[in-house]
Every structure is written in C-alpha cells, then in structure tokens.
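Please look first at the sequence and the model shown below, and keep both in view while reading. The paragraphs that follow go from the contact between the chains to the details of single residues.

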Amino acid sequence: MSRVLENVSKEILKEEGIAVPDFFVVPDEGEARKVADELGYPVMIKALVPVGKRGKAGAIKSVENREEVEKVAKEVLSMTVRNFPVERVLVEKKLNIAQELYISITFDPSMQMPVIIASTAGGIEIEEIARTRPEKILKYHVDILQDLHPYMAKEIWSELGLEGRNLQQATDLLSKLYKVFRKYDATILEINPLAITSDGKLIAAAVLMGADDDALYRQPSLSRKVEVGSDRAWRPLTQLEKEMVAVDRAEPYRGTARYTEMEGGNIGFFCGGGGGSLLVYDTLLQMGGKPANYTEFGGNPTDTKVYGLAKGILSKPGVKGFLLDANITNNTQTDLVAKGIIKALQDLKIDVKKFPMVIRLAGVNEPEARRLFEEAGIEYHGDDITMEDAARLMIDKMKKLV
Amino acid sequence: MAILATKDSKVVIQGITGREASMVTKHSLTYGTKILAGVTPGKEGQDVEGVPIYDTLKRACQKHDLNTSIVYVPPAFAHDAVMEAIGNGIKLILTITERIPRHDVAHFLAAAKRANCTIIGPNSVGILSPGEKVKLGPIGGDKVGRCFVPGEIGVISRSGGMTTECSWMVKRAGFGVSTSVSIGGDPMIGSPPKAILSMFEKDPQTRTVVMWGEPGTTHEEDAADFVKKGGFTKPLIVYMAGRFVEDMPEGTVFGHAASIIEGGTGKPSNKMAKLKDAGAHVAQKFNDILWILQKVVKK
C-alpha cells in the first residue's frame, strides 16, 4: 500500500464533490503566515507526513491569531513524526465543529469484502471507543458485485441516529466516498473527524488514504504523488535502501529483491523467498544472532540484480559475515545467484577464507552453483541440511569470530 | 485419492504462450498432468508443446472437456481471465498471477462465490499430488521427485517457496505428501487454510496436515476455530513464521480502520496460542516438524 498525503487525498475528495476545508501547503513559516492571513484566523497547522494518528503525536496544532502563526509553523516544521521529518505543513481554515463523526472504507480480508466503518463518536479516541463502546461503531460489509446504493448509506447513518439534514448530507457523502474508494483503487479511505460544523455543514476535516501499489498502473493521477511501498517502512528509506530499490527496479521483470536495513547487527542476511526469509530471520534471533538487514529475493533474479543486492548487504558498516539461506527453488536459477554473490565478494576484495559465510542454496541448476561456490573456495550446502541447520552453522561461525 | 489436483483434472491454461507458462506446460505434461488446451487471444491454431491454443475459453470448452483452469495472464488482465473461467463453468480456478489489484481480486472472489467456484490464489505457485502424478502450476519445477514423494501428509502453505520446502521436510522425516497446496500469499485469497483443511478432512488418503503460517490476516485464527469446532479432526502440525515482526517498530499501522476490523488478530504469538488451544502441534523451531511428524504419524 502507498500512503497518499493529505493534500492529495483532499484534492481528490473535493473533485468528487465532498467538502473539505480550504487549505494550502507551504515549506516554511513565512509562507505559512502569508496563507494563514489569506485564509483568515483561526487556522490549523498540520504536519504533511505519510503517517496516521498525527493528532496523538502532537503534529496537528491550532493557531488562534497572526502573532502565533510563525512560531507554531516553525515548531511543527522542526518535528519528526514517527521518524518522518516534517518538510511541509498543511495550513487550513479551522472549522467550528459541533459534532465529530467517523467514516472509513477498507477491505476486510477475512470476509474478502469492502467494509464501511461508521460512528457518530469520531475523533482521535475512535479506537478506544471501538474497544470500550462497540455499540457506537457500525460495520457494514458491501457486496462488491452490486456496489453501495444510496439507501444502504442512508440505513447506516440512520441506524447510528443521524436525522434530518445531517442524515441527507451524510448519505450523500458516503455514497460519493464509496465511489472514490472504487475509482481510485484505495485500500483505505478514512475521514476522521468528519465534521458537522456549527452552521450545519458536513466537511471532511481530516482525510487519510492508502492506494494499492499494484493498481498504480491504472491510476495516473496518483502514480507520481505517492511513495510506492511506503507502507512497509516505519521511517523514510535510508540511503542504502534507496540504492537497493534502484537495483531492484533496474530489472523490473526479472525477480524481486527487497532490502531493509536494521539497526546494528553483524550478519549480512540474504534469504530466499518471502516465507523462507521470515523463517531464517526468526531462527537467527532465537539463536542469539544479530542480522544487519532483512532481505528477501525470489522470482529468478539475474546475476546483475543479485550482485547489486549482495554488494549492498556486504557494504553496510559492521557486517562481519554472510548468510545465504534459501528454500529449495522452484524457478530461481541458483547458478545466477552464485555468480552474483561471488562477483560482489571479489569486487569488495573480501577474503572468503577469513570471512564467515554459509550458503544453503538448492534447486534449479544446482550442480553449476555448487561448482562455482566450491571453485571460489566457499563452503556450499544444498539439501543435505535444512534451512534451520544453515542458520545454526552461521551462528557457530560468528561465535568463533569473537 | 488426493485433493484438487487429481487424475480427473482436465486442465486449460489461460495465458499459455507466456515465457513462464510455456515452461510450466512442458514440465507439467512430462510429469503427467492432463493439459488439454490453452487460451491466448490471437493465437488460435498454434500450439505450446502440442497443446492446442484457442482465442477464447468458450471455444476451448466446446472442443474439450475441461474442469480446471490455471490463470497465468499478466496482472492487468487477470480479472477478466478469472471472470472468463467463471463464465464458462470452470469449477476450479488456480490463479498464479501475483500483484493483481486488490479491487479486482475482491470482485472476482465475490463472483466465484456466487457461481460456486473454487479459487486457489492469487499469488499461488500451484497444487501438486505426487500419488496422482499431477501438478498444477510451477510448483515442483522439472524435478518434482526431489521434494515431493507420494504419501499421506497434506501440506498447506501461504508461502510459495515454503510449500516446496515443507513438502521436502515431510520427505526428510521419512514420509510423503497426498497433496501440497500453495494457497497464495496475498491477504485476500479464494481458499484460506480453513477451506483446504475441510477438503483434507474428507480425503481418506490424508492422515495428517502440515501447515505453514505467516503474520497478518486471520487465516490461522480461523483455522484454529475450525479445528476446535470439530471441522478438522486429524493431527495438524503448524509452523508460524515471522515472530520477529511483533518486535518491529510500529509503522505498518495507517489509520484506525485496520485495527478496528482486525483487533488483536494477525500476531504470530496469538495465532500460535489459538492453534495450540485447538489441539494443533505447534512447532517451536522449523526442524521440530521432523520429530513431531515421526511422533504423530504411525507408520
């Protein structure tokens, strides 16, 4: 899933006929004052970062007058919200809110259906309310084959107690929101709070949208505005991670390779298969090992891709050993994996006699992989040992190092 | 007997002319799978490894008696291919394609449910029954016997690669598999573990099941409930991978909706506790599968 920044999601909602507060996006406090003057006080200043629960993190602030605006904007711009440094802020007109509603649409994976979650008790405590007063939350599964008819949206809000003009407006909004969800291949679309203002208008005060990476090819209006795969990270990508993304993208149709840098660690971790790498990482930790990174590869990558990835793994400071532990491959050519890794070792002038290494690599073209590793003087295992055995061998070798 | 992939499987491959699909066709025919037809628009009259190609699945169905389709088309066309299979009365649809847009998946899964079709996948490496000499999809490659030998253990895995590795662990423990099913790695799939357990329960050949679980979704929790309610009564051995993700910094949470829907589910530790409580054998280490199998399965 890719996270869509709030300015982009609000523009989309506006285009689709859902009211949002007037806003501007600015990079510094001077600009913030200018646009706040234009909007008129009071205003809200919000950190423009791809993380949820910004309110709880203190990254959404209210500004009452012109005197405060630069100070508050500067404060928010100097923040780092859940590891994302704030580079821009969203300045918007503060609403006069009479009631806060909550509305979201996402997929319920166990039902395999879109699900609408609605509540008349919106705001930052919504999860707490879901736990303590579940009767305040309504969940409605949508039959994707027949879509959401307006009467269904009306039933949802009516059941929650909305009446009169509020009911009509909320019905209209939810019908439109479901259309946005479908049209933009959203994985999540959340408005919290959905404000009923003191003059009776319904306005999407805060919007959160996640887009499906796998559907970006048909979402030209989103594709340049989201950071692909931003859901996987709990912080911005590191320099090394960005380089590894480039290695992976250079050959988009040949194999996948993912690299996540871990804090500290000394074992260069290069593991095959999404599932297999989970197993090996768990096993290393259980045995007291310290992986320096998390990497999975699969889908028959070229030797160039393997080379780029292996070089990245080995070049991280503090890496004192290397573990290649993969499940028996269905289609990945092990000889290409061998070539890439051996080239990376040679390039970095690593003495394989002194550098702890374990290779467990079986499957397609295995005899050639074995020959290449043995020729390079590297201990090689096929399916004579299990994946857990290979992890244990690595731990033993690392212990001998100190 | 076995499940899903049997001697009665009469197979069509949608997207048969692709690089991967043609290779899989060759390997599968050699192994013994009855691949009777292929579909690739614009290539009717040609063949792949002797398998005739048709422009439409409808025409393939007119010429051949087909009951199983393997969908091998690119992500952008996968939804239409699955709908074509449903529309032509195919009852088992194996979707190999990965990275299909989620809205498309939700839509064809709903359509399949309405038409009473079984979907395996998306993002599956296939299904293999060594006793029947039938493999559907890339699973096992061209050296099937290396990891898959006939026997009485069912294998269910959310990971494609680990479907093979778990089957090999069964072999290493001295046993063989009835059927190995790669159910697909996506959050939304046609047949979660619970559905496959139900099939294994009815299969007289299968005496024990080995299951590979991963973090996220409620697949394992649902399976545990199913076992507890008596839906699956044979021994179940489970390995839960990805326990370290629980100690990773928060960051996968975006918005409140997921947490309201999923509550505390999805954590490997909770899944393991629920499965244990339901009477499953939960392997602490991957190698434990070996001795648990030897203990549980009486020769």
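**Where the chains meet**

The contact between the chains draws 57 residues from chain A and 56 residues from chain B, where two residues are in contact if their C-beta atoms, placed from the backbone, lie within 7 Å. On the side of chain A that touches chain B, the elements giving two or more residues include strand S8 (97-108), strand S11 (186-197), helix H9 (274-286) and helix H13 (387-401) of chain A; helices (H or I, at least four residues) and strands (E, at least two) are DSSP runs, numbered from the N terminus. The most is given by H9(A), with nine residues. By type, the residues on this side of chain A divide into 24 nonpolar, 19 polar and 14 charged, with Ala, Val, Leu, Ile, Met, Phe, Trp, Tyr, Cys and Pro counted as nonpolar, Asp, Glu, Lys and Arg as charged, and the others, Gly among them, as polar.

The model is predicted, so local features need pLDDT of at least 70 and side-chain atom pairs count only at pLDDT 80 or more, while totals for chains, interfaces and linings use all residues. Residues are numbered from 1 along each chain as its sequence is written, and chains are lettered from A and ligands numbered from 1 in the order in which they are written.

**Chain A as a whole**

Chain A has 13 helices and 19 strands, and its C-alpha atoms fill a box of roughly 80 × 50 × 40 Å along the principal axes. Of its 402 residues, 48% count as buried; a residue is buried if 20 or more other C-beta atoms lie within 10 Å of its own, exposed if 12 or fewer, and partly exposed in between, with C-beta atoms placed from the backbone. Among the contacts in chain A with a separation of 6 or more, 71% are made by residues 24 or more positions apart. The domain assignment, which is automatic or comes from a database, gives domain 1 (23-93), domain 2 (97-223) and domain 3 (239-401) of chain A. Taken over C-alpha atoms, the centres of domain 1 and domain 2 of chain A are separated by 26 Å.

One open sheet of chain A has six strands in the order S14-S16-S15-S17-S18-S19, with mixed pairing; two strands pair if DSSP finds at least two bridges between them. Its edge strands are S14 (256-261) and S19 (380-381) of chain A, each of which pairs on one side only. S14(A) runs antiparallel to strand S16 (residues 293-298) of chain A over six bridges, and one of the bridge partners is Gly298(A) in S16(A), which faces Thr256(A).

Asn192(A) and Pro193(A) are joined by a cis peptide bond with omega about 5°, and Pro193(A) has its place in strand S11 of chain A. Asn365(A), found in the loop between strand S18 (357-360) and helix H12 (366-375) of chain A, has a phi near 60°, a positive value in a residue other than glycine. Asn365(A) is partly exposed, with 15 other C-beta atoms within 10 Å.

**A helix and a loop in chain B**

In helix H9 (residues 268-277) of chain B, the buried residues are Pro268(B), Lys271(B), Met272(B), Lys274(B) and Leu275(B). They cover an arc of only 165° around the axis, which puts them on the same side of H9(B); the arc is that of the directions from the helix axis to the C-beta atoms. The face turned away from this buried side carries the exposed residues Ser269(B) and Asp277(B). The buried residues of H9(B) pack against strand S12 (208-213), helix H7 (219-228), strand S13 (236-240) and strand S14 (281-283) of chain B.

Where does Thr217(B) have its place? Thr217(B) sits in the loop between S12 and H7 of chain B, and has a positive phi of about 65° although it is not a glycine. Thr217(B) is buried, with 22 other C-beta atoms within 10 Å. Leaving aside neighbours within four places in sequence, Thr217(B) is in contact with Pro109(A), Ser110(A), Pro187(B) and Gly266(B).
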